[in-house]
Amino acid sequence: MKNHLFATGALLALGTNAASAHITLETREAPVGSTYKAVLRVPHGCEGKATTAVRVQIPEGVIGVKPMPKPGWTLQTKKGKYEKPYQLYGETLTTGVKEVAWSGGNLPDEFYDEFVFRASLAADLPAGQMLYVPVVQECGDASDRWIEIPAVGQDEDALENPAPGIKLLPKK
């Protein structure tokens, strides 16, 4: 599966030991061809500073994205062209949301919050593999870039900056 990068080159991977220290997804597996509610859990700021923005790049094959607004935060989406057409509810989609950003908020380091979007996982995504979701957490002039994706055979626990991922299950 092709990796997709933020303009900044950030990608996110899921680490098991890092679950309490890094941004993770609440639901870490879902069947292809299903609707998925992505709940990104933000457990801390950046080096003690408050989180002021969370940007998520939507991977190829995640379609029909609808982010949830958060009071006190500005919600923006960037749309773009998919690499190929997808079918969703009898409609052919060739473009859609490629990035979601919540900004302008203030989540102090000592507090926890969640950022949510809903999407469909395309039926032709590869069941049995991980799908990684690029995330950048901004804290004023500091940031945490959850960009590391394990190489084939690499232990996810060895990553310093792991990112959330979804294990793709067979279609139900």
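Me: Buried means under 20% relative accessible area, exposed means over 50%, and partly exposed lies in between, with a 1.4 Å probe and protein chains only. What share of the 172 residues counts as buried?

Reply: Of the 172 residues in this chain, 47% count as buried. This is a predicted model, in which local features need pLDDT of at least 70 and side-chain atom pairs count only at pLDDT 80 or more, while totals for chains, interfaces and linings use all residues. Residues are numbered from 1 along each chain as its sequence is written, and side-chain values use heavy atoms, leaving out hydrogens and water.

Me: Why is Lys98 called buried?

Reply: Its relative accessible area is 18%, and the cut-off is under 20%, so Lys98 counts as buried. Lys98 sits in strand E7, residues 91-107. Contact means heavy atoms within 4.5 Å. Beyond four places in sequence, Lys98 touches several residues, including Val56, Ile58, Glu60 and Tyr82.

Me: How do you know that Cys46 and Cys139 form a disulfide?

Reply: A disulfide is a pair of cysteine sulfur atoms within 2.5 Å. Here the S to S distance is 2.1 Å, so the pair meets the rule. The count by this rule is 1 disulfide. The link of Cys46 and Cys139 is right-handed, with 60° about the S-S bond. It joins distant parts of the chain, 93 residues apart: Cys46 is in the loop between strand E3 (35-42) and strand E4 (51-57), and Cys139 is in strand E10 (residues 135-139).

Me: Are these two cysteines buried or exposed?

Reply: Cys46 has a relative accessible area of 0% and Cys139 has 2%. Both values fall under 20%, so both cysteines are buried.

Me: What makes a group of residues a nonpolar core, and which residues have the most contacts inside the largest one?

Reply: A nonpolar core is a set of buried Ala, Val, Leu, Ile, Met, Phe, Trp, Tyr and Cys residues joined through side-chain atoms within 4.5 Å. The largest has 36 residues, with Val56 and Phe117 making the most contacts inside it. E7 gives the most to this core, with 5 residues. Leaving aside neighbours within four places, Phe117 is in contact with residues including Tyr36, Val56, Val65 and Trp102.

Me: How do you know that E5 and E8 pair?

Reply: Two strands pair if DSSP finds at least two bridges between them. E5 and E8 are joined by 4 bridges and run antiparallel, so they pass that test. Phe117 in E8 is the bridge partner of Pro67. The sheet is open and antiparallel, with 4 strands in the order E1-E3-E8-E5.

Me: What makes E1 and E5 the edge strands?

Reply: Strand E1 (24-25) and E5 each pair on one side only.

Me: Why is Leu168 called buried?

Reply: Leu168 has a relative accessible area of 0%, which is under 20%, so it is buried. Leu168 lies in strand E12.

Note on methods: Helix = DSSP H or I, 4+ residues; strand = E, 2+ residues; numbered from the N terminus.
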